[in-house]
Amino acid sequence: MGSDLRTPGGRRDRAVSPVVGKAMEASIVVLYVGLLSATLYGGVVPEYRTAAGAEVGERALAQSAERVQQAVPTDAAAVRARTEVSIPRTIRGRAYEIRVETRTLVLDHPRDGVGGRVTLALPETVSSVRGNWSSRDPAYVAVRSDGAGGLAVRLESGDPGGED
């Protein structure tokens, strides 16, 4: 004779405890993964992305300043040149601008923590530096004689078929 698996109420519930235990284990794992994801995406990951974006912005600004400085000849009086400059289309997932402010390139980005400034080292023959670049358009440095014996440097965005 075998033993009866029924409880005093007449139910069979011996197999319920392993199922409840596994369900609780699964819910603890889901809760842990949810909390970990919320922590990472709510704090750590955005801060890392901003830090990485700031680093990319600084590098793009330094390379842009280098290209502007290389486009200006040190000993020429009559110049007419247009040089393309490669800048990233986005930084930290957003478009941005690089503008000139008193012989300084300034990176304007919509996110706080991403941006910067770098002073241009240009020869004394440069009389003016103006313009801006949008990361949405191709970027160029135009160097022209200003008619008074100096050089005018302009940052230009847009059509590659411009003057040369």
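Below I go from ground rules to fold, core, salt bridges and surface.

**Ground rules.** I am working on a predicted model, where local features need pLDDT of at least 70, side-chain atom pairs count only at pLDDT 80 or more, and totals for chains, interfaces and linings use all residues. Residues are numbered from 1 along each chain as its sequence is written, and side-chain values use heavy atoms, with hydrogens and water left out.

**Fold.** I counted one helix and seven strands in the protein chain. Along the sequence they read α-β-β-β-β-β-β-β. Helices (H or I, at least four residues) and strands (E, at least two) are DSSP runs, numbered from the N terminus.

**Burial and core.** I looked up how much of the chain is hidden: of its 164 residues, 27% are buried. My cut-offs are under 20% relative accessible area for buried and over 50% for exposed, with partly exposed in between (1.4 Å probe, protein chains only). Next I asked which residues touch the most other members of the largest nonpolar core. In this core of 26 residues, they are Val68, Ile98, Leu105, Trp133, Val141, Val143 and Val153. Two or more core residues come from each of α1, β2 (97-100), β3 (104-108), β5 (126-134), β6 (139-145) and β7 (151-157). Helix α1 gives the largest share, four residues. A core here is a set of buried Ala, Val, Leu, Ile, Met, Phe, Trp, Tyr and Cys residues joined through side-chain atoms within 4.5 Å.

**Salt bridges.** I found five of them in the structure, taking a side-chain nitrogen of Lys or Arg within 4 Å of a carboxyl oxygen of Asp or Glu as the test. Glu25 and Lys22 make one, at 3.8 Å from N to O. They are three residues apart in helix α1, so about one helical turn separates them. Glu25 is partly exposed at 47%, while Lys22 counts as exposed at 56%.

Then I turned to Arg99, itself partly exposed at 25%. Arg99 bridges to Glu101, with the closest N and O atoms 2.5 Å apart. Arg99 also bridges to Asp108, where the closest N and O atoms are 2.5 Å apart. Glu101 is partly exposed at 29%, and Asp108 is partly exposed at 31%. Through shared partners, salt bridges join Arg99, Glu101, Asp108 and Arg117 into one network.

**Rings.** How many aromatic pairs did I get? The count is zero, with rings of Phe, Tyr and Trp (its six-membered ring) pairing if their centres lie within 6.5 Å (planes under 30 degrees apart are stacked, over 60 edge-to-face, the rest tilted). I did find Arg82 over the face of Tyr140, 4.0 Å from the ring centre. That test wants NZ of Lys or CZ of Arg within 6 Å of the ring centre and within 35 degrees of the ring normal.

Last, I checked Ala76, in the loop between α1 and β1 (80-85). Ala76 is partly exposed at 23%.
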